[in-house]
Amino acid sequence: MTGTASGPPSTPHRRTPLVVVPAYRPDGALPALVRDLAERGLPDVLVVDDGSGPAHAAVFDAAAALGAEVLRHDRNRGKGVALRTAFAHARERHPGRDVVTADADGQHTPASVRAVADRLSAGGADVVVGERDLTGAGVPLRSRVGNALSGAAVRTATGLPVRDSQTGLRGLAAGTLPWLLDVPGDRYEYELRVLLEASARGAVVAGVPVETVYVDDNASSHFRPVRDSLVVMAPLLAFAASGLLAFGVDVAALLALQAATGILALAVVGARVLSAAVNFGVNRALVFGRSRRAPVRGSAARYAALALLLLAASYGLLDALHGTLGVPLLVAKALTDAALFLASWTVQRQVVFAPPSGDRGPDDGAGAGQGAVVGATTVPDGPQRSRNAAR
C-alpha cells in the first residue's frame, strides 16, 4: 500500500472527488456530462482542452458555463499529457483532493463516474478502476480482443487482478498525484503505465463494476492492441533479456575459468558470481530504473538473499518433479525455471528494487501548491486556464 495515499477514512464531511475530463475535439456529450455530474453530486469538474482548436471552442465554453473549470493546451499533446496537466493543477489549486478521471465521449455515464467516486471515498484503495463487462455479444470485436490482450499483459506484468485495463474511468487518491506526474507516456500508453507504476509502488488497486457503453461501435478508440500490450509487457521482456544476458555471461565465464584454472568448483562459483553481478547491475539500472534512488548496498543484500532462496527453491522443485514424480529432467528444469522466473520478477519488482519508502506514494507535499500549471499565464506548449463563466 502507498502509505497515506488513500487518505483518511471516509467521513460525512469528506469532500467529493474532483472529476477530470481530458477532451480532444469533443461534441455535445461533454457539456451534458458536466451538467449530469452536478445533478449527481459531483459539481467540481476540471476539463482539459487538448488542442481541439477554434472549431470546438463553443463546446468548452458551454462546459464552462455549466460550472466546469477549463484548461487549454495550445496544440494537441496527447491524453497522457492532458492528464498530467490536470493532476498538476489539482495539486496546486485543489490540494488534498481525490480525483476521478472520465472520458468526454459519452462512454462513461454519470452513474458510473459516481460509482467510482463512491468507492474511492469509501477508503482502502489508492486506485479504483471502473470495470466494464467486455465479454458480451454487443461489445465490438476490436474492443474484446484488445481488452483481452492488454488485460493478460497487465495481469502478467503486475499481478494485479485488473479485468479492464483499457478504461479511462479511474479513481485516484490524492496521495497518488505526485508520482502520477512522473509516469512516462504522452498518449494512450500513459494509462497502462499507471497500472505498472501502481503495482511497483505497492498501491492498493480496486475495481468496481460500471456500465458498458459504446458510441458508434467504438470508432473513436485509439487503442492499438499489439503495440499497447507490448508497452505494458516491455518491463517483463526487459527482465527476460537481462536474464538471457546473465546466462550468456555465466556460460562464457564458466568456460574461461575452467580453461584457466582447471578447477570446476572455482569456475562454477566464479561464473555465477560474475553473471549475478551483471544481472543485478542491468536490472537495477534499466529494468527497475527507479531503484537507482535507493542505496546500492540494501538492494544488493536483498538480491543476494533472493538468489539463495531461488537456488534452494530450484533444487527443491527439481527434486520433487524429477526425483519424486518422475518427470523427465529437461521438462522438470523448464517447468522449474518458468515458475521461478515469474517469482523472481515479482520479488525483484516489489522487494529487491522497490522504491525507497519515501517514494511510495505518501502525500509528498501534495498541498504545497507546486503543480506544473502556471495559473492564468500563457506558456509555450503549456496549459492556459480559461475563465469559468459560472463563477
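**Contacts and cores**

I looked up Val 45 and, leaving aside neighbours within four places in sequence, found it in contact (heavy atoms within 4.5 Å) with Leu 18, Val 19, Val 21, Val 34, Leu 37, Ala 68 and Glu 69. The model is predicted: local features need pLDDT of at least 70, side-chain atom pairs count only at pLDDT 80 or more, and totals for chains, interfaces and linings use all residues. Residues are numbered from 1 along each chain as its sequence is written, and side-chain values use heavy atoms, with hydrogens and water left out.

Next I looked up nonpolar cores, meaning sets of buried Ala, Val, Leu, Ile, Met, Phe, Trp, Tyr and Cys residues joined through side-chain atoms within 4.5 Å; buried is under 20% relative accessible area, exposed over 50%, partly exposed in between (1.4 Å probe, protein chains only). The largest core has 30 residues, and Val 21, Leu 30, Val 45, Val 47 and Val 113 have the most contacts inside it. Among the elements giving two or more residues to this core are strand 1 (18–23), helix 1 (29–39) and strand 2 (45–50); helices (H or I, at least four residues) and strands (E, at least two) are DSSP runs, numbered from the N terminus. Another core, of 26 residues, lies apart from it and includes Trp 179.

**Ala 55**

I located Ala 55 in the loop between strand 2 and helix 2. Its relative accessibility is 74%, so Ala 55 counts as exposed. Arg 25 is 30 residues from Ala 55 in sequence and 8.3 Å away in space, C-alpha to C-alpha.
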